[in-house]
Amino acid sequence: MKREEIIGGKKCLVYDNGTATDILIQPIDNHDLEILDREFEMIIEMLPEKDVALYALMIDEWNHDLSPWEAPAVFGKEAFGDGAGKTLRFIQKNLFPIIQSRRAGEQNIKYYLGGYSLAGLFALWAGYQTQQFKGIAAASPSVWFPRWIEFIQEQKIKSPLVYLSLGDKEEKVKNPVMAKVGENIRSMERILQKSEQCRECVLEWNPGNYFKDIEKRMAKAFAWVIQRNGKELSHK
C-alpha cells in the first residue's frame with residue numbers, strides 16, 4: 001500500500017487504499033523512514049475494525065518548518081524559525097484537496113494531525129489554529145519550547161481531542177531549557193482539561209528516554225484519538 005509521492009513539490013510517504021475516512025497526517029524527517037512502516041502496522045493492529053490512511057510529510061528544514069515562532073538554539077547552533085504557519089497552509093491547500101479527490105465525494109473524512117518531538121509541538125500548535133483536525137496526537141512533543149506555556153494560556157484550543165505522552169526520563173536532562181518538558185507537559189494537561197473547547201485530553205507516561213519506542217508511542221497516540229473520536233460520535 002505504501003508509495004512515495006510528490007505533492008505540491010514536497011515528498012510524501014502515503015499509506016492509503018483510497019477508501020479510508022480516518023486520515024492521519026504526520027510530519028517526518030529522514031530518521032522516521034526506518035520506523036514508519038512498523039508504526040503504521042502497529043496502528044492497524046491497534047485498530048482492527050478501522051480503515052485508516054497515513055500521509056507522512058517529509059520536512060526539509062525541521063527547526064524552521066515546524067516552529068511556531070523564532071527562538072534561539074537550544075542544542076547545537078541551529079536556531080528555530082517561524083515556518084509552522086507555512087507548513088500548516090501546505091497541509092490545508094495541498095494535502096486536503098488531494099485526499100478528498102481520491103474519495104469520490106465522501107463527506108465523512110476525519111483528519112488527525114500528529115508527530116514526534118518538534119513535529120508533536122507543531123501538531124499541538126496547529127490544534128490552536130484550525131478546527132479541521134478531529135484530534136491531535138503529540139508524542140514526546142517539544143513543549144519545552146520558549147514561550148509555549150504563555151501561548152496556550154492566552155489561546156483556545158480548537159481541536160476537541162488531545163493526546164500527550166512523554167518518556168519518564170525525558171525531563172532528567174542537563175539542558176535547562178529541555179528539562180522543563182515535564183513541568184510544561186503537566187501544565188498543558190491541566191490547562192486543556194479545564195478548557196471548554198477540548199472534550200478530552202490525556203497524558204500518558206512511557207518508560208525510558210526520548211529515543212525509546214518512537215514508533216510505538218506514535219502508534220498509541222494516533223490510535224487513541226481515532227478511538228476517542230469514534231466513541232464520541234457513537235454517543236451522539
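A residue counts as buried under 20% relative accessible area, as exposed over 50%, and as partly exposed in between. The model described here is predicted. Lysine 2 has a relative accessibility of 42%, so it counts as partly exposed.

Lysine 2 also takes part in a salt bridge. Its partner is aspartate 37, and the closest N and O atoms are 3.1 Å apart. Lysine 2 lies in strand β1 (residues 2-7) and aspartate 37 in helix α1, so the pair ties together parts that are 35 residues apart in sequence. Aspartate 37 is partly exposed as well, at 34% relative accessibility.

The whole structure holds twelve salt bridges. One of them joins the side chains of arginine 228 and glutamate 200, at 2.8 Å from N to O. This pair links distant parts of the chain: arginine 228 belongs to helix α7 and glutamate 200 to strand β8, 28 residues apart. Arginine 228 is partly exposed, with a relative accessibility of 22%. Glutamate 200 is partly exposed, also with a value of 22%. Another salt bridge pairs glutamate 204 with lysine 220, at 2.9 Å from N to O. Here glutamate 204 sits in strand β8 and lysine 220 in helix α7, so parts 16 residues apart in sequence are tied together. Glutamate 204 is partly exposed, at 27%. Elsewhere, salt bridges with shared partners join Arg3, Glu5 and Arg102 into one network.

Helix α1 spans residues 36-46, and its buried residues are Leu36, Glu39, Phe40, Met42 and Ile43. Viewed down the helix axis, these buried residues fall within an arc of 160°, so they line one face of α1. Phe40 is also among the residues touched by alanine 53. Alanine 53 lies in strand β4 (residues 52-58). It is buried, with a relative accessible area of 0%. Its other contacts include Tyr15, Asp16, Ala20 and Arg103. Alanine 53 and threonine 21 are 32 residues apart in sequence, yet their C-alpha atoms are 7.7 Å apart in space.

Helix α6 comprises 13 residues, 181-193. At 1.5 Å a residue it should span 18 Å, and its end C-alpha atoms are 18 Å apart, which agrees. Buried residues in α6 include Val181, Ile185, Met188, Glu189 and Leu192. The cover over the buried residues of α6 includes helices α4 (118-127) and α5 (148-154), together with strands β7 (161-167) and β8 (200-206).

A salt bridge needs a nitrogen within 4 Å of a carboxyl oxygen. Beyond four places away in sequence, glutamate 189 touches Leu164, Cys201 and Leu203.

Cysteine 201 is itself buried, with a relative accessible area of 10%. The whole structure has zero disulfides. Cysteine 12 is buried at 0% relative accessibility.

Two loop residues other than glycine have positive phi values. Serine 117, with phi near 65°, is in the loop between β5 (110-116) and α4. Serine 117 is buried, at 10% relative accessibility. Aspartate 213 has phi near 55° and is found in the loop between β8 and α7 (214-234). Aspartate 213 is partly exposed, with a relative accessible area of 35%.

Note on methods: Residues are numbered from 1 along each chain as its sequence is written. This is a predicted model: local features need pLDDT of at least 70, side-chain atom pairs count only at pLDDT 80 or more; totals for chains, interfaces and linings use all residues. Side-chain values use heavy atoms; hydrogens and water are left out. A disulfide is a pair of cysteine sulfur atoms within 2.5 Å. Buried means under 20% relative accessible area, exposed over 50%, partly exposed in between (1.4 Å probe, protein chains only). Helices (H or I, at least four residues) and strands (E, at least two) are DSSP runs, numbered from the N terminus. The arc is that of the directions from the helix axis to the C-beta atoms. The expected span of a helix is 1.5 Å times one less than its number of residues. Contact means heavy atoms within 4.5 Å.
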